Amino acid sequence: MSWKKAGGDGGVSKRWAVLLCLGSFCLGLLFTNRMWTLPEATEVPLPNQSVEEGKALVDADCGSKKVQELQKYKDVLPDQDTHHDVQTLDKTIATLETELSAARTLQESLLNGSPVSEDFKVSESIGRRKYRMVIGINTAFSSRKRRDSIRYTWMPRGDKRKKLEEEKGVIIRFVIGHSAIAGGIIDRAIEAEDRKHGDFMKIDHVEGYLALSGKTKTYFATAVSLWDADFYVKVDDDVHVNIATLGQILSKQAWKPRVYMGCMKSGPVLSEKGVRYYEPEHWKFGEPGNKYFRHATGQLYAISKDLATYISINKHVLHKYINEDVSLGSWFLGLDVEHIDDRRLCCGTPPDCEWKAQAGNTCAASFDWKCSGICNSEGRIWEVHNKCAEGDKALWNSTF
C-alpha cells in the first residue's frame, strides 16, 4: 500500500507506523528468547576440533569462573585421592554388577522352575550385609567321612558357625550339586545330612569328577548372588585350613580390585592319554612339552568380588578345560587381574606346617602335594590339626 501524509484521511501516520514496527520487533524478540536458548560458544563442539583446541577455547573464556575453579582444583588434587576415587568407582561398579547378577540368577531359577535357595530368600528379605569371605568346600557324594573330619577339626559347627558369620563375617559351606537323576537316594542322603548340620550350599550342577570346571563356575556364580563378600574362596575337602590366618591374608588385599590369590604354578601340558591330568585340548597350548600359563593350584584359591561377578555374568561363554584350576586361570587371561602368589596357602603337612607355626609363620592351608590333598585325610587331618592349627583364641580374637 502507499504511504499517506501525516494527518491525511484514511491513512496511518508515520509515527504510528514506526511504533507498530518497534512493538512487533520487541514481541518477536521476546517470543524467540522464550522458545530458543542458544548455547554458549564454548559449549558448541566443532566438527574437526582437537582436544587441545577445545581446551584453548575454554581457557580463552576469561569470564567463566567455573572453568577457572575446576582447573585450580585439578592442579591441587593429590594423586592418591585420584587413585582412591578410581578404586571407589571400581567397587561401586562391582556392587551394581553383583546386584544385577543376583537378579539374573533369581530370574533364571524362576523361569526354569528351580527351587530358590533359602539363603537367597533370607538375603533378599533382610538386605545384603557385607562379609569378609565365603569359603566353599568342594565335596562329593561319597565324601561323608571327609566332611565329618572337617566339622570336628577346623570348621566351627552349629551355633559357633553362626557366630562366625555374624561376628567375623565368614561364611563356610560344603558345595554339592545333584545326581543325574535328581531326587534319587544319593540326593536324599545329602538332604538328610543337611537337615542335621545345615552347612551345605546346594548348586544347580550334575556331580562328576570330570565336571569340576563347571562346578567351580556355578559355585562362584551362586555364591556371589547369595552373599556380598570381599572374597570368595574355593577349597578341597581334604585340605586343612586356618580360618583366621586366611582372613588376615585376604584382608590385606581387600582394597584392591580384581584380585586372584593362591599358590601360582605353571605345570606341563600333558598330551598322553591315560595319564593323570591329561589335557584333551593340549594342541591349544602350542608344541608338545609346553607349560600352562600361570594359575593358582586347585587345592585352595581366592578371588575378589568383582572377579566372581565377572564369572557370574559371563558363565555361559566361559570355556571349561578338563582341569578346573586351569579353567579358572584361563577365565582371567586378558583381564586386568592382579595375581598374588602366597605360599602360606599351600604348606605341607607336619613337619612343614608345624615348624612354620612354631616360628610364628602360621600356614593358612596345609596338604600333601603328592596326594593333591592330605593323604588319607579322614584320619590324618586330626594330626595336622593338632600340630598346625592356630587355635580357637586366634580365631575369635582376630580382627580381619
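Select methionine 261 and look across to strand 7, where alanine 302 stands opposite this methionine. Strands, like helices, are DSSP runs numbered from the N terminus, a helix being H or I with at least four residues and a strand being E with at least two. What you have open is a predicted model, in which local features need pLDDT of at least 70 and side-chain atom pairs count only at pLDDT 80 or more, while totals for chains, interfaces and linings use all residues. Residues are numbered from 1 along each chain as its sequence is written, and side-chain values use heavy atoms, with hydrogens and water left out.

**Strand 6 and its partners**

Now select strand 6 and strand 7, which run antiparallel and are joined by 5 bridges; two strands are said to pair if DSSP finds at least two bridges between them. How many of the 7 residues of strand 6 are buried? The count is 6, so strand 6 is largely enclosed by the rest of the structure. Here buried means under 20% relative accessible area, exposed means over 50%, and partly exposed lies in between, with a 1.4 Å probe and protein chains only.

Next, select strand 1 (residues 130-138) and strand 2 (residues 170-178), which run parallel and are joined by 6 bridges. Within this pairing, valine 134 has isoleucine 171 in strand 2 as its bridge partner. Contact means heavy atoms within 4.5 Å, and the angles, which run from 0 to 180 degrees, lie between the N-to-C directions of axes fitted to C-alpha atoms, for helices over the stretch in contact.

**Helix 7, seen from its end**

Select helix 7 (residues 158-168) and colour Arg161, Leu164, Glu165 and Lys168, which are buried. Where do these buried residues fall when you look down the axis of helix 7? They fall within an arc of 115°, so they line one face of the helix; the arc is that of the directions from the helix axis to the C-beta atoms. An α-helix has 3.6 residues a turn, so residues three or four places apart point the same way. The buried residues of helix 7 pack against strand 1, strand 2, helix 8 (185-197), helix 10 (243-251) and helix 15 (392-396). Turn to the face away from this buried side, and you will find the exposed residues Asp159, Glu166 and Glu167. Just after helix 7, stop at glycine 169, which takes a positive phi of about 70°.

**The disulfides**

Finally, show the cysteines, where the count comes to 4 disulfides, a disulfide being a pair of cysteine sulfur atoms within 2.5 Å.

Begin with cysteine 263 and cysteine 346, whose sulfur atoms are 2.1 Å apart. Cysteine 263 lies in strand 6 (residues 259-265) and cysteine 346 in the loop between strand 8 (338-341) and helix 13 (352-358), so the pair ties together parts that are 83 residues apart in sequence. The torsion about their S-S bond is about -95°, so this disulfide is left-handed.

Move on to cysteine 353 and cysteine 388, joined by a disulfide with an S to S distance of 1.9 Å. Cysteine 353 lies in helix 13 and cysteine 388 in helix 14 (residues 377-388), so this pair ties together parts that are 35 residues apart in sequence.

End with the disulfide of cysteine 371 and cysteine 375, which is right-handed because the torsion about its S-S bond is about 95°. Of these two, cysteine 371 is partly exposed, with a relative accessible area of 31%, whereas cysteine 375 is buried at 12%.
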